[in-house]
Amino acid sequence: MKYFNDLADLNSDEILGLLELANSLDRHPEPKALNGKVLALLFFNPSLRTLTSFQAAMTRLGGGTFVVSPEMSIHGLETKMGIVMDGNAAEHIREAVPVIASYADAIGIRAFAEKKDLETDLQDVNYNNLIDLIDKPFINMESAINHPCQNLADWKTLDDFKIPAKNGKFVLSWAYHPNALPLAVPASTLHMASMRGMNVTVLRPEGFELPAKVMKKAKNAAVLSGGTITETSDRYEAMQDADVIYAKSWISARHYNDKQMESEARENLVDWRVKDSWFDNALPSCRFMHCLPVRRGVVVDDSVLDGLKSIVIHQARNRMLAQMAVLYQIMK
Ligand code: CP
């Protein structure tokens, strides 16, 4: 494996192989596997889990990391092409990214959606421009439309909690958030659950439909896996016999480049906060998942997050294990 960019680049057997490796490395540590290897971590956006889980994963495998982000060690980083650099930025990604990559055996890159133009973000244009600048193995640490490390960890979490792949009901639910959040997690989570063969329901208010391109990609995966995808704004119907609810807020694709309209579309939806009552007609074993960070009392009630249904900490720990498997396959 030379890159880890999108779960859709792998077939189910390859994903199951990675998950088996993650479990094996958890049970039987290999602290010298990546001795002397270096992973560069380039963050254009903030992180807690991705940063620390990659550092922990490399350390547990015997390798090392270095971290670069525009705030900490670059003299103002310009990302636009063909620009006259007479402003604040003194360094361009065309030099910075290959230089960083040249110090490492592989590079992880995080570059969120700009949320200015939907098609640009759906095509992951900015992330792909960065990838084009390197000649080393690379890992997507969340781009405009993908978060494969999260997806792999989430697949493992579903397995760990014995949530059925075939005929298991996965509810991907929009939740209120004061900010317009990117599509990367909902889009790639939908794909992951569809690829796993689950019956997926996208629960979202009117106006927060996922883009047609995202739905089409997931539907293609569901056809191959034997899963199904439905979409509704009816919470009772969505939660009926659910095995798992995965909450996430996301921007309205209808108002992608209009901040005012987007904000107005969201302002009356504060009640879309996951509460105990949402689970009334779900299976008694129904679990709550969220990729974190999560706003307590805004996205989800404390009673859900702190209750027995919540598996978010296990989910976050699985980031480290899933990434150990990816690093092992890419760098060993
Ligand atoms: N879930 C996730 O990617 O968390 P961070 O943004 O903290 O890395």
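**Entry 1: helix α4**

I looked up what covers the buried residues of α4, and the list includes β2 (38-43), β3 (64-68), β4 (77-78), β5 (91-92), β6 (106-110) and α6 (125-131). I note that this is a predicted model. Next I asked which residues of helix α4 (residues 93-102) are buried. They are I93, A96, V97, I100 and A101. They span an arc of only 125° around the axis, so they sit on the same side of α4.

**Entry 2: the ligand**

I listed the residues around the ligand: S47, L48, R49, T50, R110, H147, Q150, C291, L292 and R319. I sorted this shell into three nonpolar, four polar and three charged residues. Then I checked distances. A backbone N or O atom of L48 is 2.7 Å from a ligand oxygen atom. A polar backbone atom of L292 lies 2.9 Å from a nitrogen atom of the ligand. For R319, a polar side-chain atom comes 3.1 Å from an oxygen atom of the ligand. I also looked up the cover: on its own the ligand has 250 Å² of accessible area, and the protein covers 93% of that.

**Entry 3: Q323**

I moved to helix α13 (residues 312-331), where Q323 is found. Is Q323 buried or exposed? Its relative accessibility is 0%, so I count Q323 as buried. Leaving out residues up to four places away in sequence, I found Q323 touching T50, S53, F54 and C149. T50 is also on my list of residues around the ligand. The side chains of Q323 and R319 are joined by a polar contact of 2.9 Å. R319 also has the side-chain atom 3.1 Å from a ligand oxygen atom. Last, I checked Q323 against S69: 254 residues apart in sequence, and 20 Å from C-alpha to C-alpha.

Key
Residues numbered from 1 in each chain as written. Predicted model: local features only at pLDDT ≥ 70, side-chain atom pairs only at ≥ 80, totals over all residues. Heavy atoms only, no water. Buried < 20%, exposed > 50% of the residue type's maximum accessible area, 1.4 Å probe, protein only. Helix = DSSP H or I, 4+ residues; strand = E, 2+ residues; numbered from the N terminus. Arc of directions from axis to C-beta. Contact = heavy atoms within 4.5 Å. Near = heavy atom within 4 Å. Polar contact = N/O pair within 3.5 Å; in protein donor to acceptor, adjacent residues only side chain to side chain. Areas by Shrake-Rupley, 256 points an atom, 1.4 Å probe, with all protein chains shown as cover. Nonpolar A, V, L, I, M, F, W, Y, C, P; charged D, E, K, R; others polar.
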